[in-house]
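Grab a pencil and work through these exercises with the sequence and the structure side by side. Try each task before you read its solution.

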Amino acid sequence: MVKFNPDALQSMPDQSDTTAALRVVDLRKRFGQLEVIKGLSLTANKGDVISILGSSGSGKSTLLRCLNFLEPPNEGEIWIGGRQIQARAGATGQREINALRINLGMVFQTFNLWLHKTVLENIVEAPIHVLGLSKPEAQLRAEELLLKVGLADKRHAYPSQLSGGQQQRIAIARALAMEPEILLFDEPTSALDPELVGDVLKVIRALADEGRTMLIVTHELNFARQVSNRIVFLHEGQIEEEGPPDAFFTHPSSPRVRQFLSSQRDGYHR
Amino acid sequence: MTLLQGFGDQIIAGAITTLQVALTSLVLGIAVGLCGAMAKVSGIGALRWLADGYTTIVRGIPELLIILILFFGGTVALSALFGRYVEVDAFAAGVFALTIVFGAYATEVFRAALLAVPRSQIEAAHALALSRALTFRLVILPQMWRYALPGLGNLWLTLLKDTALISVVGLEDLMRKASVAAGATHDPLTFYLIAAALYLTFTSVSLVGLALLEQRAGRGVRISE
Ligand SMILES: Nc1ncnc2c1ncn2[C@@H]1O[C@H](COP(=O)(O)OP(=O)(O)O)[C@@H](O)[C@H]1O
Ligand SMILES: [Mg+2]
């Protein structure tokens, strides 16, 4: 069980770790008997763009989903620096979980826009109901974000009227509207037709250039190499290797990583 | 009007009562059905057990019997409570019985609709820190509505027609007024045909309204299908 204690950070001595936007300590997640995240620790400093690689089933999605409690982790600590939020082993209340979620914007592989709501409605609901923004404030924020992702003209469209790439850019705008400390991307382009991938990657790249803190699960190796300052490679729920992108891609020390990279090279064009 | 032989006002009053009973039972029954469905999908064993018992019993007994049992059971219970003979109001008894019946079937319709809402739609709400209550109101309810409407429409037609059963316990509804007129005028066919025409009018209008509602509920969804 994971417990949340908002006061813990205040009582902590002010240490070198104050720049850490996200700190995960010894995270564990089991599905029945199957342990999927096996004591994983990870720190993201403010402005870090960390790409998470790994073969299918290595636990990448589960890791992201544990961070915002879409899957409640079994053990571990989750620290979100800026807002002084901590989660650690023990029972975690819904209020604490929601405080955590406000700080972690999530972008799903399948976009998950609400089908019965227009683009604008998708973006403004959470800022209005969770952050307490007035409707005009939320709409203003939404319009600015729509400009940013290049879809201002789609504000009254329903998701089903948009291409996958457009839906994903709206989903990114929806996450940004909460002004989270950290953005989590779970294979944001894997469900897209190849010709639509570029537009979405462009938006994510622009966010990286703004200095946002992001964790990106992706199979776009070129993109990961260009956009991130750190690569983390997962294998069976543990970090197999991590490091700066150039070192990771040019001389990985783990044979598993070498094998993974060579197997991915075929689809390595972008 | 010679055709109605002076019973026109009575028939109209009966028709209004029928609509009142049906609409009241609809609103209350939807509330019961929503609660029943949430109980069924809740992880709480006692609630699920209760809801399962409710729908199993009600769906396994003829509606007419349920109405009679609730009416006479209500009379016995209230009389015992007040220590004297209490006659149960036919309108209240009718609404109560039809709500119980409608609620049981609606529970099943809503349960299926709840489960039909894709998990990913709900996760998106959770990831944005929307509370369970807000997720239900903003995402689950409007989406399950779309899945529930066709089933609810059928239940509504059944409910409208089941109001005729309440006349057995003395409700002055369309059915009863028609049969009184039929007896008094010795012209049963005319009055039963008039009643049938009125029921048919109500159900036809309902079907049109339902089609409009389904169209509205399908906004944003049908285009992709
Ligand atoms: N809800 C779940 N129930 C049971 N097993 C799950 C569940 N979600 C994921 N898993 C299992 O956990 C492992 C890691 O899955 P996942 O995190 O989705 O991997 P990745 O995203 O790296 O492909 C897989 O073996 C998968 O089958
Ligand atoms: Mg995955």
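**Exercise 1.** Work out which pattern chain B follows along the sequence.

*Solution.* Start by counting: chain B has eight helices and zero strands (DSSP runs numbered from the N terminus, helices being H or I with at least four residues and strands E with at least two). Reading along the sequence then gives α-α-α-α-α-α-α-α. For the overall dimensions, the C-alpha atoms of chain B fill a box of roughly 70 × 50 × 25 Å along the principal axes.

A quick note: this is a predicted model, where local features need pLDDT of at least 70 and side-chain atom pairs count only at 80 or more, while totals for chains, interfaces and linings use all residues. Residues are numbered from 1 along each chain as its sequence is written, chains are lettered from A and ligands numbered from 1 in the order written, and side-chain values use heavy atoms, without hydrogens and water.

**Exercise 2.** Find the angle at which the axes of H4(B) and H6(B) cross.

*Solution.* Locate H4 at residues 90–116 and H6 at residues 132–162 of chain B. Their axes come within 8 Å and cross at roughly 145 degrees (lines fitted to C-alpha atoms over the stretch in contact, with angles from 0 to 180 degrees between N-to-C directions). Next, look at who touches whom (heavy atoms within 4.5 Å): H4(B) brings residues including Phe102(B) and Val109(B), and H6(B) brings Trp145(B) and Leu152(B), among others. Finally, sort the contact residues: 19 are nonpolar, one is polar and one is charged (nonpolar means Ala, Val, Leu, Ile, Met, Phe, Trp, Tyr, Cys and Pro; charged means Asp, Glu, Lys and Arg; the others, including Gly, are polar).

**Exercise 3.** Identify which helix gives the most to the shell around ligand 1.

*Solution.* The helix is H2 of chain A, residues 60–67, with three residues. Now check a distance: a polar side-chain atom of Lys60(A) is 2.9 Å from an oxygen atom of ligand 1.

How values were computed:
A polar contact is a pair of N or O atoms within 3.5 Å; within protein, one must be able to donate a hydrogen and the other to accept it, and residues adjacent in sequence count only if both atoms are side-chain atoms.
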